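Welcome! Here is a short briefing to read alongside the model, with the points grouped by topic.

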Amino acid sequence: MNTMNPMMRENPADLLPELLTLFGAVLGLLTGMFVPRQRQWIAALVCAAGVLAGLVAAAFAVSGPRLMTFDSFMLDPVTHVTRLTVLGTTLLVLALGFAPMRGHRRETEFHVLTVFTALGTIALGAASDLLVLVAAYLLASIPAYALAGFRKDGKGAESALKYYLMGALLGLLMLTGVTLLYGLGRSTSYETLARDLPSNAAVTVGAILLVAGLLFKAGAVPAHFWVPDVAEGSSPVVATLVTTVPKIGALAALFRLGDEVMPHSWALTIALIATATMTLGNLAAFGQDNVRRLLAYSTISQAGYLLVPVAMAGRTDLAEPALLYYVAAYALTNLGAFAVVVAVGRDRISDYRGLARRSPLLALSLVICLLGLIGTPPTAVFVGKVLMLGAAVEGHYIWLAVVAAVNTVASVFYYLRWVVPLYSRAEGEPPAVSRPAALVVYLTTALTLALGIGSGIALSLN
Amino acid sequence: MSAIAWALPALPLVVGALLLLAGRRADRGAPILGVAAGLGTLGLAVAAAVARPDVTFPLFAGLPAGMAVDGLSAVLVVTVASAALAVLVFAAGDIGPDEARARFFGLMLVFAAAMLVTVTATDLAVLLMAWEVMGAMSYALIGFWWHDDERVESANVAFLTTRAGDLGLYFAAGCAVAGTHSLSLDALPDAASPWRDLVAAGVVLAALGKSAQLPFSFWLSRAMAGPSPVSALLHSATMVAAGAYLLLRVHPLLESTGWAETLVAWAGALTALVMGAVAVAQRDLKQLLAASTVAQIGFMVLAAGVGSVAGGTAQLVAHAAVKCLLFLGAGAFLTALGTKDLSELHGAARRYRLVGVTFGVGALALAGLPPLSIWATKDTILASTPGSLYAVGLAGGVLAAAYSVKMIVAVWHPQDALTRDDAEQPGTRHVGLAEKLPMPVLAAVGVGFGIVALPGVLGPWQKLLGASGEHGPTALELVISGGLAVLVAAVVASRRVRVPRLAVAENWLYLGQAADRLVARPVLALANALAWFDDRVLDGAVRAVAAGGRAAATVTSRRVELPTDGLVDGLGRAVRRLAALARRPQTGQVHTYYAQAAVLLVVLTLVVVLVG
């Protein structure tokens, strides 16, 4: 759709947010090597400082012109929002992980790997060349595999292995797709591909294979299998990270592909995937008693909703704001819900009985986050969902809007299954609450409300 | 100046209200306070009559209200205040210490205050308020001994009858606003044609009801159930006088319509005649006096009808004094001797000389004997009256002579073997100073007020009332009426002619029964029918709707709810099954994941390639 050719240049300053983040991570790694274990937190702070610096730089970069740098890295609203959302949520994840990782023998590694995942994710969202996309995929995936098995216990190792094996298969399919498209379009650059790709079944096959890899990162059908297993098996902080951060970049990359390359029958492909993803995620979430698995399926269904504006890429101008707004709102809200799990430290729904009595504010925050995931005003996801449905209608995919609406209604059931016990009488002693994690919850919840209420402002900036 | 206009009704109103609020705690001081307030009110009334204050104040948007004292009002306020004072002084002696004196004096003062506002009001809104308060006070006073059901019943009859007439005043007020865009009494004759007639009709109805003219007369008979001082005030200067006053006040309106004057004149003349006959037939002193009041008020109404404002007003004042005196006398007899039956009162006047003499003087004045007051005032009215009406009025005067002398004969006849004391209630055998005090004064007024009809005085009197140019009585007329009165009085006194006993007249023409049969019962029957309609039809419909709703709900719950519920349940079960199915792919085994992902991607590719 963006027929206007962007300005091109090769100025490292355009990558300042990424460079600052990378610098912080490397410096953190070096710091971690030379400080004793009791003071590894300094390395964590260095990493966080790098992310914060990157966030500030990214915020300043928003007002810059739309341009392509180093022939493969687009600087446009999609990239800006990806940068801000990824770095912002990463900062919150670092804050969330700070206390649980204190004194861990690989404390520094955790923070550095988290930052690397974030960097890979940003590259994923900004890439406009298939080879860079593949590299970004690997950069985003490999640190995440390591993080999934970070605890080195049985469940962690199992989830890390499943994560890795799924990633390996779909990465392979993705490379196959890239090869196919390169052969058909004689280039890996989006710009050239958009011009030269023919319209035939082979391109469709290539596109689907390419998309498969990104669906793995987004946690969408048919590459969603890892999500519940990793969310349940790895540590809660890592579960927060892998269900939140990679999705942002993957969806941005998918949108970019649809918007800039626009292969034949893109909308139908993604619409089918979206339908399957949201429906399966919602249905599978119904019977879950484990809140992490419940949230995992919830993230799958949310990926389905998020794929709706991706499917509408190039069909309506509403698609881009819808995706960017929804993805930011989703990231914050999902992070808030997972952060409650981190704060409480229990996984069964029944463990949450009477939480409202022990920690009313935390319970209220959880309710706001869960209602937010349903899409209740005045939370941010509500606005995202409205835009998403609007995009589907405007893109003449009314059945997709209907499917999304029906799924939304159905999703109320399992979110409420978690809300109700919060306000019922506790049988035993309600769980203790971690204060630092609770602070992250409050901050995140406040942000989702502020984003929802300030949606007019947020949209007008777009 | 305007302060007097406010203070005049405010003084009795406030003192009366305070007495009512204080209740029985104030019983001891109530007579003193009441008489003091009466004195003060009389002083204010005189001051107002001299100063002629005039106030207007906003009451409704665009409809200024006001009170003013003009010539007519000046006469009326002094009359009302004087009569009220006389009655209050009498009541201080008559209403015993064991009665609820605070309530009595409070009600009397508010009653008088309402009358004072009525006669000073310059617009229908203020008039109506005072008019209503007066009606309510009369109800409370007639039913003063509320332990007695019959007295309360009488109060109800009086209240309902006057209220029925009062509706006319509301009607008139509404039509006045429609016709003149104001409520001012002065503006009424200027109302547009249909409105003017409607206003006149409403006012006439209200006035006739309040003044107990035909056909409303019966309520005054029932009003005798109240204490004697109440009757004295109610019959002299308040309540019944209010109707006559109103008609005199709106005489220009009656004149402007063309028909109202005639109607009012005939209503008054016929009432004077017929109720005179009723009075002659009465054997109870207070009932006789009540009927005579109606008859005498009839002359005032006749005056309003023929445009003799000066005569009517003079008649009002003279009658107020005389009737007040007579009721006080009757009350004194009743209290002392325990009876008001004319045949049981033989010798009463001889036993209580002062009461007897003043009562006799009052009765002679009422008889229209020359040179006493009513002889002159009545003739002033009749002077303006044309032929046939004159004859009717003259006949009414003759009857007045008959019933008046009948009373005198009854109380001055020597006590005989058949006379029994305490026939109705235990008497005190005592007439106190307070009771005697007002009587000579009232008697003097009753004797002398006829002076206004004299040629030299009539002119200024007419000028005072703004009624200059009205006819005064000619010598011939005076001689004829005086001669007739003397003749009839002599005949009755000689007791040669036996007055035939007429059941119709004795029973007040069966007006009360007629009202009961023709108005009260049909209204009750209609009310019962409407109540039946409400209970059976309206309420039944409501109940039927409710029952129908329940029936529909039952049907719904059996026929619709179950399938719907089943549908919902079925949906729930289906979703549950689907949810279980959705968890099946999550085997936890990577090789099945691989297979599923591969198959799904192949299917997706096929679908997109084939469909897209």
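In chain B, 81% of the contacts between residues at least 6 apart in sequence join residues at least 24 apart; two residues are in contact if their C-beta atoms, placed from the backbone, lie within 7 Å. This is a predicted model, where local features need pLDDT of at least 70, side-chain atom pairs count only at pLDDT 80 or more, and totals for chains, interfaces and linings use all residues. Residues are numbered from 1 along each chain as its sequence is written, while chains are lettered from A and ligands numbered from 1 in the order in which they are written.

**The two chains**
- Chain B has 25 helices and two strands, taken as DSSP runs (H or I, at least four residues, for helices; E, at least two, for strands) numbered from the N terminus.
- Of its 612 residues, 54% of chain B count as buried, meaning that 20 or more other C-beta atoms lie within 10 Å of a residue's own, with C-beta atoms placed from the backbone.
- Chain A has 19 helices and three strands, and 62% of its 462 residues count as buried.
- For chain A, 80% of contacts between residues at least 6 apart in sequence join residues at least 24 apart.

**Helices α5 and α6 of chain B**
- α5(B) (residues 124–142) and α6(B) (residues 149–180) pack at about 175 degrees, their axes 9 Å apart; axes are lines fitted to C-alpha atoms over the stretch in contact, and angles run from 0 to 180 degrees between N-to-C directions.
- The two helices are therefore roughly antiparallel, the word for angles over 145 degrees.
- B:Leu128, B:Trp131 and B:Tyr139 are among the α5(B) residues that meet α6(B), where the partners include B:Phe159, B:Leu169 and B:Tyr170.

**Helix α7 of chain B**
- Buried residues in α7(B) include B:Arg196, B:Leu198, B:Val203 and B:Lys210.
- Their cover includes α6, α10 (240–249), α11 (251–257) and α12 (260–281) of chain B.
- B:Ala212, which follows α7(B), has a positive phi, near 60 degrees.

**Where the chains meet**
- 26 residues of chain A are in contact with 22 residues of chain B.
- On the chain A side, α11(A) gives the most, with six residues.
- That side of chain A divides into 19 nonpolar, five polar and two charged residues.

Notes
Buried ≥ 20, exposed ≤ 12 C-beta atoms within 10 Å, placed from the backbone. Parallel < 35°, antiparallel > 145°, perpendicular 65-115°, else oblique. Nonpolar A, V, L, I, M, F, W, Y, C, P; charged D, E, K, R; others polar.
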